Amino acid sequence: KALNKDKQGKTEQALQIYSQILRKEPDFYSALVNRAVLYDKLGDTKNAEADYKRAYDIYPRSTELLNNMGSFYLKQDKNGLAIYYLTKALALQEDYFSALVNRAAAYQKIGNYSAAYKDLKYALELEPDNYVALLNHAIYQYETGHYANAAQEFTDLIYRNRQDPKNYYRRAMAERKLGQYANALEDCSVAMSLQKDYIAAIFCRAEMLYAKGEYEAALADLNNLKSINNKYVAAYDFAGDILSLDDPENAAQNYKVDAQLDPKNTKKYKSKISALKTNKGRKYIATRRFNSIDRGI
């Protein structure tokens, strides 16, 4: 009954049923694992972790449970714990595809790229056409500085699914690193057409427009971004930098908003406001912004 409720999208009702079962039988392994999954789905990580740990105490050699726990900790950015449980799963079943992909992702997050590559290589030997493994490999290529390879691999993924905005954005980021601003601009535009509130793609397109000297268009994108998320610090900072040469008063207003939204960096924004008072300071702000895009930072 609980499984059916979950399939119907009635997560809360499914959760209540598992809780009723566990009140009667606290060590019911399957109910613990399933309830942990539902807690995680609802964002209740504290109770999800508690159920996973109880299930682990009951059945510590379940490869599926170990992989679930590894995946759970991976989402929490607790990468050491993720690697610990995933390694246990792979010790019991070395060709466990999901555990290999998950552990590779955890290794990538901590910068252990050689270990990540080893896991991804093995995973792709097991399932050469698996979308998730291919995506992680493309991300690996990007994170290790192989931008041309990353762009090609993201292209291959786009051919598989042309409706996923994330891969257009990811390819744009690789193209940006390669200095292919026109291509990056086009990919960001496609990503935005597929998801109008895709903040990262909007910001990236604003940068590409700025790099091409289309300042008004870049500002239009940043204003659009602010209307979607009026607390996005980087949008105000970038807008201030664009306006610094021709409209220092408006630039200062953007930096003041930043100072309110990002108080730990107030000194940085006050410094920019001060720099706006001189021609040299305004040129410095604009030049630094342009150079940061040109270097692919």
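Which side chains meet in a salt bridge at 3.6 Å, N to O? They are those of Lys268 and Asp237. A salt bridge here is a side-chain nitrogen of Lys or Arg within 4 Å of a carboxyl oxygen of Asp or Glu. The pair links distant parts of the chain, with Lys268 in helix α17 and Asp237 in helix α15, 31 residues apart. Helices (H or I, at least four residues) are DSSP runs, numbered from the N terminus.

The model is predicted: local features need pLDDT of at least 70, side-chain atom pairs count only at pLDDT 80 or more, and totals for chains, interfaces and linings use all residues. Residues are numbered from 1 along each chain as its sequence is written, and side-chain values use heavy atoms, with hydrogens and water left out.

Asp237 is buried, at 8% relative accessible area. Lys268 is partly exposed, at 39%. Buried means under 20%, exposed over 50%, and partly exposed in between (1.4 Å probe, protein chains only). Both residues belong to a network of salt bridges that also links Asp241, Lys272 and Arg289.

Now the largest pocket. A pocket is an open set of points on a 1 Å grid over the protein atoms alone, where a 1.4 Å probe fits, with protein on both sides within 12 Å along at least five of seven lines; lining residues have an atom within 4 Å of a point. Its volume, the space filled by probe spheres set on the points, is about 330 Å³. Of its 15 lining residues, Asp237, Asp241, Lys268, Lys272 and Arg288 lie nearest the centre. Helices α15 (233-243), α17 (266-275) and α18 (279-294) each give two or more residues to this lining. The largest share, six residues, comes from α18. Asp, Glu, Lys and Arg count as charged; Ala, Val, Leu, Ile, Met, Phe, Trp, Tyr, Cys and Pro as nonpolar; the others, Gly among them, as polar.

The second largest pocket holds about 200 Å³. Its lining has 13 residues, with Tyr210, Tyr215, Ile242, Leu245 and Asp246 nearest the centre. Helices α14 (215-228), α15 and α18 each supply two or more of the lining residues. By class, eight are nonpolar, one is polar and four are charged.

Back to salt bridges. The count comes to 19. One of them joins Lys41 and Asp6 at 2.9 Å, N to O. Lys41 lies in α3 (residues 29-41) and Asp6 in α1 (residues 2-7), so the pair ties together parts 35 residues apart in sequence. Asp6 is partly exposed, at 24%.
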